[in-house]
Number of protein chains: 2
Amino acid sequence: MAFRTHHCGQLTLSDSQKNVTLSGWVQRIRELGGMLFVDLRDRYGITQLTFNEEWDAPLLQEASRLGRETVIQIEGLVIERSSKNAHLATGEIEIKVHNLKVLNRAKLPPFTIEDETDGGDELRMQYRYLDIRRRPVRENLLLRHQLGLTVRIYLSKLGFAEIETPFLIKSTPEGARDFVVPSRMNSGQFYALPQSPQTFKQLLMVGGMDRYFQIVKCFRDEDLRADRQPEFTQIDCEMAFVEQEDILKTFEGMLIHVLKEIKGIEITSVPRMTYNEAMRTYGNDKPDIRFDMKFVELDEKLRGTDFKVFTDAELVVGIRVDGKADFSRKELDALTDYIKRPQIGMTGLIWAKHQDDNTFTSSVNKFFDSNALAAWGDSFKTKAGDLILILAGNANKTRKALSELRMHLGNQLGLRKPDEFAPLWVLDFPLLEWDEESKRWHAMHHPFTAPKPEDLHLLETEPAAVRANAYDIVLNGHEIGGGSIRIHDKGLQKKMFTLLGFSDEEAKKQFGFLMDAFEYGAPPHGGIAFGFDRLTALLGGQESIRDFIAFPKNNSGRDVMIDAPASLNEDQLKELSIGLIQAKD
Amino acid sequence: MAFRTHHCGQLTLSDSQKNVTLSGWVQRIRELGGMLFVDLRDRYGITQLTFNEEWDAPLLQEASRLGRETVIQIEGLVIERSSKNAHLATGEIEIKVHNLKVLNRAKLPPFTIEDETDGGDELRMQYRYLDIRRRPVRENLLLRHQLGLTVRIYLSKLGFAEIETPFLIKSTPEGARDFVVPSRMNSGQFYALPQSPQTFKQLLMVGGMDRYFQIVKCFRDEDLRADRQPEFTQIDCEMAFVEQEDILKTFEGMLIHVLKEIKGIEITSVPRMTYNEAMRTYGNDKPDIRFDMKFVELDEKLRGTDFKVFTDAELVVGIRVDGKADFSRKELDALTDYIKRPQIGMTGLIWAKHQDDNTFTSSVNKFFDSNALAAWGDSFKTKAGDLILILAGNANKTRKALSELRMHLGNQLGLRKPDEFAPLWVLDFPLLEWDEESKRWHAMHHPFTAPKPEDLHLLETEPAAVRANAYDIVLNGHEIGGGSIRIHDKGLQKKMFTLLGFSDEEAKKQFGFLMDAFEYGAPPHGGIAFGFDRLTALLGGQESIRDFIAFPKNNSGRDVMIDAPASLNEDQLKELSIGLIQAKD
């Protein structure tokens, strides 16, 4: 006999009077005056099993002894329920059980297998195989599957070929730290795990593959922050014979398609903003544009003459909070405390209220009379009932702080709606950024990113002003992807390496094979990579990626379920020609 | 201006008189009395560009200076060709070029970029990005893409979810060697790269995911044979609430679908054979059934009484080679030499010919008269013109040798047609095999494989006779996949570990998390894994996997293009708390 004729999310009234076989887990048992109900669960849903003293008393006895999460198989008759459950796909029927077979007993799980569980994070991770039985986690993983498949089909239809690039590659000291793999057959030598398939996808373009993509694991040995994983997944893409516009069009098409397919949301295009505009308007290169609160800068006139905090500041900038002139003193103090936290480090928050009678009041009434405040109101385009919040200080720091405050308010006021999706291209990133520590220019994107042709003449005289043909795609305040047009000209590439402080020898050692490849006819090309974990999480309406990964690691890079990493035995180390050395304090 | 309006495989007569822009690589240049033709190549095809002294002499001059593999962009008019090329999709048209722009010059490639290249293996690997420009390699990679996508769509439609399992896991000393990854954050500890997602897919079944698949890289640190790679790709699958029959049906469905979609070949079912039958009939657990030459064993009567080679042998077994009674002495000697090679190690080959006049002759006429030989003929079902080849000796060795001879003849006689596909299930593998070295039983498949219920009673008394619910799928003489029904009962699993010589402690240390998981309600489950590289190669009509991998490694596990593995610098080693030790001779 097969283990089942149907699954637990399948049967409806139209199956009435059918004899069926189901298998699954015991989710819940209820006894009710001579009757007993078992919720039988599998991946597809829940079906109610019914036992009745009058039908079969011993069978009811047996069912009453089933523990939660026991795996059972039953045979029975589909019958109409007297009290239907509209929340359940199978809520119109129940199964009158004839036969019950226990397939596997279960110990009491360490936390409840319900939508809302009583299990803490560490416990859930340790028993991840039980956590996955919970509907929210299961649906996250199924969403991830659906997203991956949708992307693959979409890109394939556009002529992109998924090509696997190698995992055992070569370490490059640039950038983040590599995970490395000692080679037994090449004693004393190491492979590295890829941080991205960047160079390989460029080589595929040199190889004429024209349109490449790959949904692929990447690895980065970084000190882990809350929502980072040492292994993560990218949707990695590259195209030949394209300009920036081709790439933007192609991949906003992909995102629009995905939002339609996965979320049923129709958007027609993705707005664009330059990096400079994003920084000036939102203090952030990945603004959440689901809500407004755009930055308004106070010019000299608006800053007045007496208030030193403003007159001395490099930048005075604020936001309008619609309808929040009724914020209490306590609420305003809490916002002040927020921006004074060491992570943000501002010294004070100035507020002004556009009151219902169209007069203004502020935290700096001493320095600004009502005319001055009304001028602020004009500048911020307030209406009665609106609140203005202003920060002042060093330009970069103040923008960053105001951005944090804006996001904080967005969360607090429920403006960041998880079911709303507002993608945005951020364009024209600077090519270079100055690194104070090493006292040299670093590539903001990576060393193969092409400068904008119209800025090329500034490369030596004013490197900071050179913009790159680089772009990020942002969704709801998170960078979900980024890329660039690559340099395909070896002369320009050489100039870039010089600018970045690479000697010819260093450049050759690290990127020699790519430089060599470029000698043999590289086509113009460019690409993009999406963070697959992040994109899935956002489509799932959440900000943390961990529950969208089947078996994630904790913040120390450990898998607490399998207890990895772990020690090796001496023989394994010896074979690899490596030994452990004591870390010095 | 966009880099192209069309690609190089697109334009036909219906595009005549259109102005187009194309980009690509210069494949070939021919001059012909005042005219010059350039074959322009991209991934999609080749388009002929035409230059004419009369139209534009300087442009023709410029074109004549283009080197092979230069990247160019042209504008021109689509015109009908006078001499059409039926072999080319674009063979009816050519482009009358107005404008020519060199996008990137190219050095002379180290080998010709043609279907048949003059480049040796090492050179092709070193410049793999140029090798990929060659049509056969490019088509292999596109086939691989198409196969992956086809499998993904097929399995997804059946409710399988692709779920990514982790790459940084835990080393288990059992089985093949792991590649390991030192953990910087957990000093002195190591991750291992997965040899397969086996335990994780079983945990996903415990987690109720019901149907899982993944096309995924796996890693094995083995001494590499000719056609093995340290990193390889599997189509990894698992299902819950299934018996062996469910799995066979599901995945022969997949293979049938793939053959139809990718090769246009219709087969309706996959034949089945037990392991014992395969060994007896083909001397091989992965027989190529595209051709016959089934083994025929000589019983005592047929062996005669005088010929010691036969009378002393554990096994006398032969094959019939249809229509090859005309093999010359030299040809027969060559076959004898073949089975005498040290890799095979037989001492002699006996032949008999069913001659055109229906008499027999043989290499052992001294011992067998024509009646005796005619009895062989009956047994082998020969007809006039057929050849019989016989080996004798130790049963296992002789079967293996005859299998090699059969395959050798299959190749030699052109019976292994690359465009013919004959899949086969091999079933009922032994559960255990005796390991002479360690003097204990090993799991033939893996320790989680379920014995056949009807053989369970033999587990302690006659372990060698216990068959497993394990199956391989074979295509054209290659194992392309294999799997098993897993043990989901912890009592039976414990018994298996004992039989395999694991102490409780060892079992707990290595598989503790899986054993724990099985305490919480594991469903009956089973699965299969396909070798994706091998399957792609076979569908591409080839036996070697290397040209179906974009960036393969050589037999020393090196990537000669990027020159990996390589040394690390001291700082990197120190951060990982490891040091190099000298390998002792």
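This is a predicted model: local features need pLDDT of at least 70, side-chain atom pairs count only at pLDDT 80 or more; totals for chains, interfaces and linings use all residues.
Residues are numbered from 1 along each chain as its sequence is written, and chains are lettered from A in the order in which they are written. Local features need pLDDT of at least 70, side-chain atom pairs count only at pLDDT 80 or more, and totals for chains, interfaces and linings use all residues, while side-chain values use heavy atoms, with hydrogens and water left out.

**View 1. The two copies and their axis.**
A rotation of 180° with 0.0 Å of shift along its axis places chain B on chain A, at an RMSD of 0.1 Å. The two copies are therefore related as by a two-fold rotation axis. The superposition is by least squares on the C-alpha atoms of residues with pLDDT of at least 70 in both copies. Of the interface residues of chain B, 99% are also interface residues in chain A, so the copies meet through the same surface.

**View 2. Extent of the interface between chain B and chain A.**
Chain B gives 124 residues to the contact, and chain A gives 124 residues. Contact here means heavy atoms within 4.5 Å. About 10,900 Å² is buried between the chains, with 61% of that area from carbon and sulfur atoms. In chain B, the residues that lose the most area to chain A are Glu164(B), Phe241(B) and Tyr520(B), together 8% of what that side buries. Buried area is the accessible area (1.4 Å probe) that two parts lose on being put together, summed over both.

Twelve salt bridges are counted between chain B and chain A. The rule for each is a side-chain nitrogen of Lys or Arg within 4 Å of a carboxyl oxygen of Asp or Glu. Asp223(B) bridges to Arg184(A), with 3.2 Å between the closest N and O atoms.

**View 3. Strand β23 of chain A beside strand β23 of chain B.**
The two β23 strands, residues 578-580 in each chain, pair antiparallel over three bridges. Leu580(A) faces Ile578(B) in β23(B). Strands (E, at least two residues) and helices (H or I, at least four) are DSSP runs, numbered from the N terminus. Two strands pair if DSSP finds at least two bridges between them.

**View 4. An open sheet in chain A.**
Five strands follow the order β12-β13-β16-β14-β15, with antiparallel pairing. The edge strands are β12 (296-297) and β15 (360-362), and each pairs on one side only. Two bridges join β12(A) to β13 (residues 315-321). Glu297(A) stands opposite Val317(A) in β13(A).

**View 5. A hairpin in chain B.**
Strands β18 (residues 432-435) and β19 (residues 440-443) of chain B pair antiparallel over four bridges. Glu433(B) has His442(B) as its bridge partner in β19(B). Four residues lie between the strands, and Lys439(B) takes a positive phi near 55°.

**View 6. Backbone details in loops.**
A cis peptide bond joins Ala564(A) and Pro565(A), with omega about 0°. Pro565(A) sits in the loop between α15 (532-539) and α16 (570-575) of chain A. In chain B, a cis peptide bond joins Ala564(B) and Pro565(B), with omega about 0°. Phe241(A) is not a glycine, yet has a positive phi of about 55°. Phe241(A) lies in the loop between β10 (231-240) and α6 (244-263) of chain A.
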